Amino acid sequence: MSSEEQPLQPLDPVEEAFVRALSRVLLALPRVVDADLVRGAGLPLSEYTPLMHLSEAPGKLMRMSELAAACNLSLSGITRVVIRLENQGWVQRAKCTQDGRGWNAVLTDAGLARLEQAWPTFLVSVRRNLVDHFSGQDLPQLTAALLHVATPNGQTTSDS
């Protein structure tokens, strides 16, 4: 054991319960929001999420690699999703003007309209399945803790 390593410290029952509950949320929440979106708006979460990120990006465009990172997908994974969105007329792919090597995903007006149509379903689902369960809690403090976990090396994201 190096001097920088600390001895193993087992989780106490409260910590163990927290870790297990968080693990269940991380698995269950995307599934339930996806089911709500598909049922209520006919749009899976895997397509809603890139549309959302593109709608918030300057010029409504992002490099494919940046969009992949924002959606927590591989480059090949986001390419498959963007091709589906492109086939529906919601996104276009365009060569990056900065270097000519990469590709941008660009949200179309039809894609923005589709996102706006699905947004109320997303909002209701996220409120019911997540936000309402934290009523009365210190959300800014909880958000800061979650961001700290999500960016362990002190990196900042565009979401923060």
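The following legends describe close-up views of a predicted model. Local features are given only where pLDDT is at least 70, and side-chain atom pairs only at pLDDT 80 or more, while totals for chains, interfaces and linings use all residues. Residues are numbered from 1 along each chain as its sequence is written, and side-chain values use heavy atoms, with hydrogens and water left out.

**Figure 1. Overview of the protein chain, with six helices and three strands.** Helices (H or I, at least four residues) and strands (E, at least two) are DSSP runs numbered from the N terminus. In that direction, the order of the elements is α-α-β-α-α-β-β-α-α. The C-alpha trace spans about 55 × 40 × 25 Å along its principal axes. Of the 160 residues, 26% count as buried; buried means under 20% relative accessible area, exposed means over 50%, and partly exposed lies in between (1.4 Å probe, protein chains only).

**Figure 2. The aromatic pair of Tyr-48 and Phe-122.** One aromatic pair is found in a search of the whole structure. The rings of Tyr-48 and Phe-122 are stacked, at 4.5 Å centre to centre and with 20 degrees between the planes. Tyr-48 lies in helix H2 (residues 45–56) and Phe-122 in helix H5 (residues 109–129), 74 residues apart, and the pair thus links distant parts of the chain. Both residues are buried. Rings of Phe, Tyr and Trp (its six-membered ring) pair if their centres lie within 6.5 Å; planes under 30 degrees apart count as stacked, over 60 as edge-to-face and the rest as tilted.

**Figure 3. Helix H1 (13–41) and its bend at Ala-28.** The 29 residues of H1 should span 42 Å at 1.5 Å a residue, which agrees with the 41 Å between its end C-alpha atoms. The expected span is 1.5 Å times one less than the number of residues. H1 bends by about 30 degrees at Ala-28, and Pro-30 follows within four residues. A bend is the angle between axes fitted to the seven residues ending at a residue and the seven starting there. The buried residues of H1 are Val-33, Asp-36, Leu-37 and Ala-41.

**Figure 4. Helix H5 and its bend at Ala-118.** H5 has 21 residues and reaches 30 Å from its first C-alpha to its last, close to the expected 30 Å. The helix bends by about 35 degrees at Ala-118, and Pro-120 follows within four residues. Among the buried residues of H5 are Arg-114, Ala-118 and Phe-122.

Figure 5. Most residues other than glycine have a negative phi. At 70% relative accessibility, Asn-72 counts as exposed.

**Figure 6. Arg-84 in helix H4 (residues 75–87).** With a relative accessible area of 35%, Arg-84 is partly exposed. Its C-alpha atom is separated by 18 Å from that of Glu-116, 32 residues apart along the chain.
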